[in-house]
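The sequence and structure are shown first.

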Amino acid sequence: MTEQRMNLAESTPEVYRAMRDLEQSIQQELKRAGVEKEIYELVKIRASQLNGCAFCLDMHLSDSRELGIAQQRLDVLPAWREVGLYSERERAALELAEAITLVSESHVDDEVWQRVRGTFSEAEAAVLIWAATGINVWNRLAIASRAQPPRRGSKTVRASE
């Protein structure tokens, strides 16, 4: 088992606060733009799956269950293209999140962008870019510091919300 290398919130509190402020701003913009909280959570989970971030997966899968996202939809999320369990908006957001997460492989190509803009307004698309980018930053911070998911029944400081 790996052990946590450091607690970035304690080691660099001002930078950590700035990241939390960014996260709060993204959440406010999501509400303002009208992007569903379910889409936001699915984006966070999918990016965290691709990045292999156990801490963020644990957090956002738990948050999604509390939000009422069906367990089946969470279980098959890695294969979202293969099932009819996701709305057109969710599919476009997931495709964008994957393109941003894997940007070094394919960039965000014009086909992906056209599907996103055919589904989301400019304000919605902009905040989805921020959301996918934000979770990718949190994933990299958690992975680099080896942040550990809490053992069930114990209390922990959350890296993001």
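Predicted model: local features only at pLDDT ≥ 70, side-chain atom pairs only at ≥ 80, totals over all residues.

A residue is called buried when its relative accessible area is under 20%, and exposed when that area is over 50%. By this criterion, the buried residues of helix α8 (residues 110–119) are Val-112, Val-116 and Thr-119. These residues lie on the same side of α8, because the arc they cover around the axis is only 70°. Elements covering them include α6 and α9 (122–145). On the face turned away from the buried side, α8 carries the exposed residues Asp-110, Glu-111, Gln-114 and Gly-118. At the start of α8, the backbone nitrogen of Glu-111 has a side-chain oxygen of Asp-109 within 3.1 Å.

Helix α6 (residues 88–101) also meets helix α3 (residues 37–51): their axes come within 9 Å and cross at roughly 35°. The crossing of α3 and α6 is right-handed. The residues that make this contact are drawn from both helices:

| Helix | Residues in the contact |
|---|---|
| α3 | Ile-39, Leu-42, Val-43, Arg-46, Ala-47, Leu-50, Asn-51 |
| α6 | Arg-89, Glu-90, Ala-93, Leu-94, Ala-97, Glu-98, Thr-101 |

By class, the residues of the α3–α6 contact comprise eight nonpolar, two polar and four charged.

Tyr-40 is also located in helix α3. Is Tyr-40 buried or exposed? With a relative accessible area of 2%, Tyr-40 is buried. Its side chain is joined to that of Glu-23 by a polar contact of 2.2 Å. Tyr-40 and Leu-94 are separated by 54 residues in sequence, and their C-alpha atoms are 9.5 Å apart in space.

Definitions and conventions:
Residues numbered from 1 in each chain as written. Heavy atoms only, no water. Axes fitted to C-alpha atoms, helices over the stretch in contact; angles between N-to-C directions. Helix = DSSP H or I, 4+ residues; strand = E, 2+ residues; numbered from the N terminus. Left-handed = near helix turned anticlockwise from the far one by under 90°. Contact = heavy atoms within 4.5 Å. Nonpolar A, V, L, I, M, F, W, Y, C, P; charged D, E, K, R; others polar. Buried < 20%, exposed > 50% of the residue type's maximum accessible area, 1.4 Å probe, protein only. Polar contact = N/O pair within 3.5 Å; in protein donor to acceptor, adjacent residues only side chain to side chain. Arc of directions from axis to C-beta.
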